Amino acid sequence: MRKNFWLLMIALLTAIVLAACSGGDDGSGNAEEEDNGDDGSQITAWAWDPNFNIAALNLAKEHYDNENFEMEIIENAQDDIVQRLNTGLSSGTMKGMPNIVLIEDQRAQSFLQSYPDAFYAIGDYFNPEDFADYKLAPTSFDGEQYGLPFDTGVTGFFYRTDYLEEAGYTHDDLVNITWSEYVEIAKDVKEQTGQAMLSLDPNDLGILRVMMQTTGTWYTSEDGTIQLEGNEPLQMALENYKELMENDLVKLSSDWSQYLAAFNSGDVASVPAGNWIGPSVEAEESQAGLWRVAPTPRLDMEGAANASNQGGSSFYVLNIDGKEAAAEFLGETFGSNVEFYQDLVQEVGAIGTFKPASEGDAYQFENEFFNGQQVVYDFSQWMEEIPQVDYGMNTYGIEDILSAEIQQYLDGKSLEDVLSDAQTQAENQFK
Amino acid sequence: MSQANSHYTKQQSTFVQRFKKNYIGWLFIILSVLGIGLFYFYPMVQAFLLSLQSGMGSNLEYVGLDNYIRLFNDPTFITALTNTILYLLIQVPVMIVLALIFSVLLNDPTLKFRGFFRTAIFLPAVTSLVAYAVIFKYLFGSDGLVNEFLLNFNLISEPLNWLTDPFLAKITIIIAITWRWTGYNMIFYLSALQNVDKSMYEAARIDGASPVQQFFFITIPLLKPIILFTSIVSTIGTLQLFDEVMNITSGGPGNATMTISMYIYNLSFEYTPDFGYAATVSYVILILVVILSFIQFKLGGDRE
């Protein structure tokens with residue numbers, strides 16, 4: 001009994017000491033961040049992905065010659081950035097907020113409209129017309145340019161040359177096709193090689209957005225009206241989606257690593273996705289020379305382009321001390337420096353949306369992995385054709401409603417009912 | 001005492017007198033009352049006020065009870081609510097029964113390596129929620145260990161989509177939480193069993209009661225208060241279920257595993273933030289906890 005009592009006391013003491021230690025850490029961490037936010041001479045930037053966005057920021061810092069300029073780049077997961085911005089900005093104090101922050105394009109409007117005074121308009125620090133058109137709608141609000149467009153999410157149809165050849169297709173057969181042709185090709189591939197055509201996560205409807213954007217349509221219209229019912233491109237996209245799912249042409253994945261594993265292990269014949277998937281495709285060195293990239297399939301409609309977008313983000317400046325310095329830095333590097341963009345492509349592998357950059361040498365690079373294709377150049381050409389859409393405020397909210405309805409669609413509910421039910425639900429939800 | 005009695009006609013001074021006598025006690029109480037008031041009740045009132053507002057981000061305005069009306073027309077909320085209640089109805093009873101069985105088995109004094117088994121079953125309760133959820137996600141992945149196992153034993157012919165099928169995804173979540181919390185509840189029962197007088201079992205044995213009868217007529221009635229306590233705690237825990245769902249299925253496929261807590265998170269951080277409506281949804285959890293605890297007290301607490 002006595003021994004147990006002492007053991008208990010020791011356990012309690014340890015718990016208290018541990019709790020005190022972790023508490024202390026939190027405290028000092030916060031204090032540090034507050035200093036950064038308050039101090040005008042030093043700029044803080046938040047971004048995610050050390051190999052991509054953070055690397056790009058570091059590179060920009062090297063290209064910026066201003067001795068008085070000091071910038072601390074803090075890496076946070078994207079979800080954390082979204083959370084911290086939301087909690088920080090809604091509390092009304094700008095303490096601890098960064099000067100520069102990276103925000104995904106599809107989320108940008110919800111920030112710009114939710115916190116109208118929190119962001120600083122930076123349209124005067126660069127020429128927005130130098131950037132791909134489709135990037136401007138999501139990054140501006142109320143006639144002012146708030147975001148500096150960064151990477152493009154221009155999509156491509158990455159495919160395995162060996163599987164497609166076995167199924168009887170050459171590169172020319174895959175250029176400028178429609179999604180229904182894609183589905184037919186998928187059936188042939190399945191029949192001839194036994195492989196699935198692509199991998200999809202049923203939680204992520206990104207592929208529908210890619211299909212829809214080839215026609216310049218979205219879940220919402222430009223004035224923000226929800227348009228699910230009677231949205232012809234969305235209907236076509238869903239029909240293709242169901243066709244793919246029902247014919248067992250899809251290898252289902254439940255998270256990102258499974259999605260990557262699907263093509264790295266050679267289980268799927270193609271990856272229709274944003275260009276940023278390129279480095280992950282290349283990561284499997286044993287497949288060098290087996291991949292190529294064709295333009296994104298389009299929906300079978302008048303005016304549809306063989307180009308679309310998935311993801312992509314832009315830099316924003318918060319309306320706090322140091323905003324001018326931060327905006328100047330962005331304007332001088334990401335906003336106008338052609339040479340910087342060449343290094344960005346070569347060293348980081350990031351394709352920007354700055355149009356003058358595509359004439360530089362680095363963009364002509366012939367990528368061995370993709371059979372000597374000038375992949376970067378191709379992407380930058382497709383980028384200029386991406387139909388512009390206004391992502392609006394509620395993309396993710398609507399998508400959650402839609403994804404529940406899609407489950408029922410796959411179970412046999414009619415497409416009209418699915419879309420009209422989703423429409424009613426979304427209208428109730430986002431008045 | 002005698003002093004207090006002589007002044008009992010003047011209530012006011014009695015109070016002052018008592019206060020003077022016990023002021024140190026009051027001091028201690030006031031500290032914690034202030035603390036609880038500041039850190040519990042003040043935020044609760046604020047959250048209630050917030051639940052009467054709506055709008056994007058910081059542009060909130062009072063909308064009266066609109067948010068509460070919106071709840072009834074919100075299919076995602078209704079899905080989240082039904083999912084949560086389903087978890088509750090299936091998972092809590094299964095877990096409580098399992099925990100009871102384990103605790104009685106491990107209370108057997110003739111059992112060898114009792115300490116080892118107790119530790120092994122309790123161990124899941126000390127693992128981090130996120131860590132174990134991620135591991136479950138891999139175990140139940142389409143080419144995960146569980147599928148490999150079932151395939152190799154020829155129990156299934158092709159891999160089951162544990163995480164991407166709406167029904168199986170719910171099962172996966174229930175298996176995960178049961179694994180995580182059974183040991184935790186078992187410890188409560190084990191410690192309660194230590195207080196059960198051994199002579200009762202002895203007497204029962206002499207009267208010819210079988211072990212099963214002993215379990216139902218001695219163990220269960222004596223553990224009743226603890227069973228009540230654990231079922232209330234588990235109910236509250238299940239209503240707040242978040243980590244597992246967030247990490248294993250992130251609410252999918254198509255909201256099939258969405259819980260109320262996860263919906264609150266989505267409303268605040270995933271969609272265009274509407275903190276007012278999110279606060280309304282969180283008040284629903286509060287109301288549910290109050291109602292369910294009340295029912296459980298009524299059903300189980302007849303002795304008090």
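Biologist: How do the axes of α13 and α14 of chain B cross?
Modeller: In this predicted model, the axes of helix α13 (residues 260-270) of chain B and helix α14 (residues 275-300) of chain B come within 8 Å and cross at roughly 170°; axes are lines fitted to C-alpha atoms, for helices over the stretch in contact, with angles from 0 to 180 degrees between N-to-C directions. Helices (H or I, at least four residues) and strands (E, at least two) are DSSP runs numbered from the N terminus. α13(B) and α14(B) are therefore roughly antiparallel, a label for angles over 145 degrees.

Biologist: And which residues make the contact?
Modeller: Among them are Ile260(B) and Tyr263(B) of α13(B) and Phe275(B) and Tyr277(B) of α14(B), where contact requires C-beta atoms, placed from the backbone, to lie within 7 Å.

Biologist: New topic: what is the strand order in the open sheet of chain A?
Modeller: The order of its three strands is β10-β7-β11, with antiparallel pairing, and pairing needs at least two DSSP bridges between two strands. Strand β7 (residues 155-160) of chain A is joined to β10(A) by five bridges, and Tyr159(A) has Ser270(A) of β10(A) as its bridge partner.

Biologist: How many residues of chain B are in contact with chain A?
Modeller: 30 residues of chain B contact 29 residues of chain A, and α13(B) supplies the largest share of the chain B side, four residues.

Biologist: Which conventions apply?
Modeller: Residues are numbered from 1 along each chain as its sequence is written, while chains are lettered from A and ligands numbered from 1 in the order in which they are written. Because the model is predicted, local features need pLDDT of at least 70 and side-chain atom pairs count only at pLDDT 80 or more, whereas totals for chains, interfaces and linings use all residues.

Definitions and conventions. Angles under 35 degrees count as roughly parallel, over 145 as roughly antiparallel, 65 to 115 as roughly perpendicular and the rest as oblique. Two residues are in contact if their C-beta atoms, placed from the backbone, lie within 7 Å.
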